[in-house]
Amino acid sequence: MKKKYQTLFFDIDDTLLDFGAAENQALERLFSTVAEVELTAVVRKNYKMFNQSLWKRMEQGKISREKLLSTRFADFFNQEFGMNVDNNQMSEQYLIYLAQGHQEVTGARQLLNALHRKSFKLFVVTNGVKSVQTKRLVDSHFDTYFTDIFISEQTGYQKPNKKFFNYVFDNVRNFDADSSLIIGDSLTSDIAGGINAGIDTMWFNPERKKNLTNYSADYIVHSLSEINNLLIN
């Protein structure tokens with residue numbers, strides 16, 4: 001490691017909790033309530049691509065969180081099936097189902113246990129819906145490892161916006177940028193955000209994806225056990 005870190009900022013989705021598994025579960029339950037359509041592999045893929053494009057646009061400041069949530073399902077069902085659906089009702093039901101998914105990324109609990117024992121100061125920094133992210137952390141019992149949890153809905157900004165991190169740093173006691181590290185799976189959210197905020201970055205890349213962005217992380221790991229080895233051993 002380049003330096004000794006004391007404060008660690010963790011992303012949640014696809015870093016500690018398996019968002020893909022939670023999303024699949026939520027979509028299956030949601031589509032089971034819509035008799036006219038079937039959640040095929042193609043439909044699932046199309047929805048995920050559509051949804052990811054919306055979150056990328058939100059990261060870039062092109063749409064608001066409110067706009068995303070208030071139009072997502074209406075726009076998708078219209079585009080995919082030519083159907084008109086009640087977006088608010090469908091969104092509310094989907095978020096309830098999504099909040100019930102707290103499947104863990106392999107090695108997450110072991111890593112948090114090890115870091116907690118070594119007295120690292122641990123914080124969550126995540127984009128998303130507060131009620132959903134909070135319930136997933138509580139149900140997994142991951143919340144007990146963290147000094148505080150910062151969610152974009154709460155801060156008023158989302159990663160990678162520097163204002164998100166300004167809010168976080170203002171609320172971290174004795175914050176020191178030089179001993180802080182952000183760990184996450186998204187180059188455009190976590191790594192770009194860390195760079196914007198002036199702290200070191202670690203890209204969790206289990207699928208060994210190519211970096212097609214202009215953002216370079218200080219460290220790249222392919223498993224959570226590697227983080228344990230780098231920070232503790």
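User: Which element gives the largest share of the lining of the largest pocket?

Analyst: The model is a predicted one. In it, α2 gives the largest share of that lining, with 6 residues. Altogether 47 residues line the pocket. Asp13, Asp14, Gln52, Asp185 and Ser186 are the ones nearest its centre. Elements giving two or more residues include α1 (19-31), α2 (41-59), α9 (187-197) and β5 (200-204). The space inside is about 1,300 Å³.

User: What makes up the lining of the largest pocket: how many nonpolar, polar and charged residues?

Analyst: There are 15 nonpolar, 15 polar and 17 charged residues.

User: Why is Asp14 called partly exposed?

Analyst: Its relative accessibility is 31%. Buried needs under 20%, and exposed needs over 50%. Asp14 at 31% falls in between, so it counts as partly exposed. Asp14 sits in the loop between β1 and α1. Its phi is positive, about 65°, although Asp14 is not a glycine.

User: Why is Thr201 called buried?

Analyst: The relative accessible area of Thr201 is 0%. Buried means under 20%, so the label holds. Thr201 belongs to strand β5. Beyond its neighbours within four places in sequence, Thr201 is in contact with residues including Leu181, Ile191, Ala217 and Tyr219.

User: What makes a set of residues a nonpolar core?

Analyst: The residues must be buried, of nonpolar kinds such as Phe or Leu, and joined through side-chain atoms within 4.5 Å. The largest such core here has 29 residues. Phe31, Phe73, Phe76, Phe77, Tyr94 and Leu98 have the most contacts inside it. The elements giving this core two or more residues are α1, α2, α3 and α4. A second, separate core of 27 residues includes Phe10, Val105, Val124 and Leu224. In soluble globular proteins, nonpolar side chains tend to be buried together.

User: What is Phe77 in contact with?

Analyst: Leaving out neighbours within four places in sequence, Phe77 is in contact with Phe31, Val34, Val37, Gly82, Met83, Val85 and Met90.

User: How do you know that Phe10 and Phe146 form an aromatic pair, and why is it called edge-to-face?

Analyst: Two values settle it. The ring centres are 6.4 Å apart, and the limit for a pair is 6.5 Å, so the rings pair. The planes are at 70°, and edge-to-face needs over 60, so that name applies. Both residues are buried. The pair links distant parts of the chain, 136 residues apart. Phe10 is in strand β1 (residues 7-10), whereas Phe146 is in the loop between α6 and β3 (148-151). The whole structure has 20 aromatic pairs.

User: Where is Ile149, and how many residues apart in sequence are Ile149 and Phe9?

Analyst: Ile149 is in strand β3. Ile149 and Phe9 are 140 residues apart in sequence, with 9.5 Å between their C-alpha atoms.

User: Which peptide bond is cis, the one from Lys159 to Pro160 having what omega?

Analyst: The bond from Lys159 to Pro160 is cis, and its omega is near 10°. Pro160 lies in the loop between α7 (152-155) and α8 (162-170).

Terms used: Residues numbered from 1 in each chain as written. Predicted model: local features only at pLDDT ≥ 70, side-chain atom pairs only at ≥ 80, totals over all residues. Heavy atoms only, no water. 1 Å grid on protein atoms, 1.4 Å probe; cavity = no way out; pocket = protein on both sides within 12 Å on 5 of 7 lines; lining within 4 Å. Points joined across faces, edges and corners; volume = space filled by probe spheres on them. Helix = DSSP H or I, 4+ residues; strand = E, 2+ residues; numbered from the N terminus. Nonpolar A, V, L, I, M, F, W, Y, C, P; charged D, E, K, R; others polar. Buried < 20%, exposed > 50% of the residue type's maximum accessible area, 1.4 Å probe, protein only. Contact = heavy atoms within 4.5 Å. Phe/Tyr/Trp six-rings, centres within 6.5 Å; stacked < 30°, edge-to-face > 60°.
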